[in-house]
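Open the structure in your viewer and keep the selection panel at hand. The tour goes stop by stop.

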Amino acid sequence: IKARMIVDKSFRIAEVDKRIYGSFIEHLGRAVYGGIYDPGHPLADEHGYRNDVKQLIQELQVPIIRYPGGNFVSGYNWEDGVGPVDLRPKRLELAWRTIEPNEVGTNEFAQWTREIGSEVMMAVNLGTRGIDAARNLVEYCNHPGGTYYSDLRKQHGYADPHGIKTWCLGNEMDGPWQIGHKNAEDYGKLALEAAKAMRLVDSSIELVACGSSNTSMATFPQWEATTLDYTYDEVDFISLHQYYGNQENDPANYLARSVDMDHFIHTVISTCDYIKAKKRSKKDMYLSFDEWNVWYHSNDADSKMDPWSIAPPQLEDVYNFEDALLVGSMLLTFLRRADRVKMACMAQLVNVIAPIMTETGGRSWKQTIFYPYMHASVYGRGISLKPVIDSPVYDAKDYTDVPYLDSAVVHDEENEHLTIFAVNRHLTDALDLNCDVRSFEGYVIEEHIVLENDDLKAVNTADNEQVKPHSGGNSTLDGGMLTARLSKASWNVIRLR
Ligand code: AHR
C-alpha cells in the first residue's frame with residue numbers, strides 16, 4: 001500500500017510541552033517497594049533506591065512523575081509518610097487492599113525525583129480528606145520556613161522546600177470505586193475550595209481538576225462541564241484517564257483505539273471551550289492526560305490475589321509487540337494535540353502497568369512499550385508540525401476509515417532536527433510512504449529506527465529481549481522528497497537533520 005504526506009516548517013500546531021512525556025508512581029503493587037526502592041538490592045544507593053532502575057528511567061528522560069496515586073491517594077494520610085521511618089505507621093491500604101509500610105513518603109520521593117532529573121506532580125487526597133490536609137501539604141512541601149508545617153519539614157531533615165509546582169486535586173473522583181467518591185457538584189465545590197486554599201499558600205502552583213476516569217463513564221462529559229463550571233478560574237488543567245486492552249484479540253480494531261483517544265481529547269477540549277464561552281473567560285483550559293496506557297493482561301491474576309500483604313505483584317502486565325504499536329499511536333495522538341494537551345503521564349513507570357520491570361532483589365528490564373515511549377520523549381521535543389496525510393483506510397469492528405498510516409512530526413528548530421514518527425497499522429503489508437519535506441532544505445536522513453516483529457504477541461523478559469528497535473529502516477531523501485518503506489505493523493522514527 002502507498003501513502004503520501006506533506007510536512008512543512010510553517011504548519012505549526014504548537015510547541016510540545018515536554019511534560020507530555022511524564023509518568024506515574026503510585027503506592028501500588030511493586031512500583032515503590034521492589035521497584036524504585038529495594039534497600040536489600042546490590043545496586044541500591046545509600047538510601048535504598050535502585051541505581052539500575054534510575055538509569056532506565058533516565059533513558060526515558062521522564063520530565064515529571066505523578067505521585068502517590070491513583071486510587072491510593074484517596075485514602076492516604078500524607079503525615080504517615082514523613083518523619084522518622086521507624087515511627088511511621090503501617091496502614092491497611094484500602095484502594096488495593098494491601099499493607100502500606102510508609103517507608104517511602106513525600107520527602108524521599110521528592111529527593112529521588114530530583115536525583116533522576118525529574119519533577120513531582122503531587123496528588124492530594126480529596127476522598128477521605130479535604131481542604132485542610134491539602135493546604136497543609138502545600139505548606140509542608142513549598143513554604144520556606146518559620147511556620148508549623150514548613151518547620152516540621154526542616155525538622156524531618158529537608159531544609160529547602162521541594163518547590164512542587166504541579167498539583168492534582170484528587171484522583172478519579174467520578175468513579176464509584178474511589179474512596180470518598182463524589183458527584184460532580186460535590187467534587188466541583190470541594191475542588192474549588194481546595195484549589196483556593198492551596199493557591200493562597202503558594203500562588204505559583206498549577207492545579208489539575210479531575211476529569212472523567214474514562215470515556216465509558218455514564219457521567220462523561222457532563223462531569224467535566226459541571227466540575228469546570230465551579231473551578232474554571234482556579235485551575236489550569238482538567239485530567240483525562242484512559243486504558244485500552246485487546247481482550248477480543250482483534251489487532252486491527254485494537255490498533256485503532258488511538259482514534260477513540262483522539263475523540264476523547266476532542267470532546268474534552270470542546271467541553272472546556274463551552275465553559276470558557278459561558279464564563280466569557282479569556283483563559284484556555286489545558287488537558288492533563290495523566291493516566292494512559294494499555295492495561296488488561298494482569299486483570300485475571302489480580303482478581304485472584306489475597307488481600308493484606310506488603311507490595312504484592314499487582315497490575316504486572318507483560319506487554320507484547322502490538323501493545324507497543326498502540327502505545328506509539330497514543331503518543332502520536334498527544335503530539336498532534338500539542339496545542340491543548342500539555343501534560344500526560346504514562347501509567348505507570350515501574351512494575352505496575354509499566355515500561356520497566358524488575359525482580360525484587362534481582363534483574364530489571366525493558367518491556368516492549370519502553371521503546372516508543374523513549375523515542376517520543378527523546379526525539380519528540382520542539383514544535384509539533386501538522387502532517388497533511390493521504391493514506392488508505394480500513395474499517396474495524398468499532399471504527400471506520402482508520403488510516404493505515406499514523407504519523408506525527410516534531411521540528412527541533414534550535415538544533416535543526418526533524419523527526420517523523422510513523423506507525424503502519426497494516427498487519428500484513430508494507431506501506432510505501434512518499435513525504436514532501438521540501439521546506440527543510442539541506443536536511444539529510446540521519447537514522448530510520450524501526451520496531452518490528454513477525455509475532456504481534458512477542459514479549460520481553462529478563463532473559464530475552466525479543467522486541468527491540470534497530471536502525472536499519474529503509475528510507476531515502478532526494479530533492480526534498482522522502483521515500484520510506486514502513487514494514488507491516490511497525491513503529492518508525494525517521495530522523496532528519
Ligand atoms: O493506574 C492504576 C489505577 O488506574 C489508578 O490508581 C487509578 O487512578 C486508575 O483507575
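Helices (H or I, at least four residues) and strands (E, at least two) are DSSP runs, numbered from the N terminus. This is a predicted model, where local features need pLDDT of at least 70 and side-chain atom pairs count only at pLDDT 80 or more, while totals for chains, interfaces and linings use all residues. Residues are numbered from 1 along each chain as its sequence is written, and side-chain values use heavy atoms, with hydrogens and water left out.

**Stop 1: the loop with Pro68.** Select Tyr67 and Pro68. A cis peptide bond joins them, with omega at about -5°. Pro68 sits in the loop between β4 (64-67) and β5 (91-93). Now go to Gln61, in the loop between α1 (51-60) and β4. Gln61 is not a glycine, yet its phi is positive, about 50°. Most residues other than glycine have a negative phi, and most peptide bonds are trans.

Which atoms of Asn71 and Glu172 lie by ligand oxygen atoms? For Asn71, a backbone N or O atom is 2.9 Å from one. For Glu172, a polar side-chain atom is 2.7 Å from one. Gln348 brings a side-chain N or O atom to 3.0 Å from a ligand oxygen. Taken alone, the ligand exposes 280 Å², and the protein buries 96% of that (Shrake-Rupley method, 1.4 Å probe).

Stay on Gln348. The peptide bond from Ala347 to Gln348 is cis, with omega near 0°. Gln348 is in the loop between β12 (341-347) and β13 (356-358).

**Stop 2: helix pairs.** Axes are lines fitted to C-alpha atoms over the stretch in contact, and angles run from 0 to 180 degrees between N-to-C directions. Select α5 (residues 184-201) and α6 (residues 222-231): they pack at about 30°, axes 8 Å apart. That makes α5 roughly parallel to α6 (angles under 35 degrees; over 145 is roughly antiparallel, 65 to 115 roughly perpendicular, the rest oblique). Next, α3 (residues 131-142) and α4 (residues 148-155) pack at about 50°, axes 7 Å apart. α3 and α4 are therefore oblique to each other.

Methods:
Polar contact = N/O pair within 3.5 Å; in protein donor to acceptor, adjacent residues only side chain to side chain.
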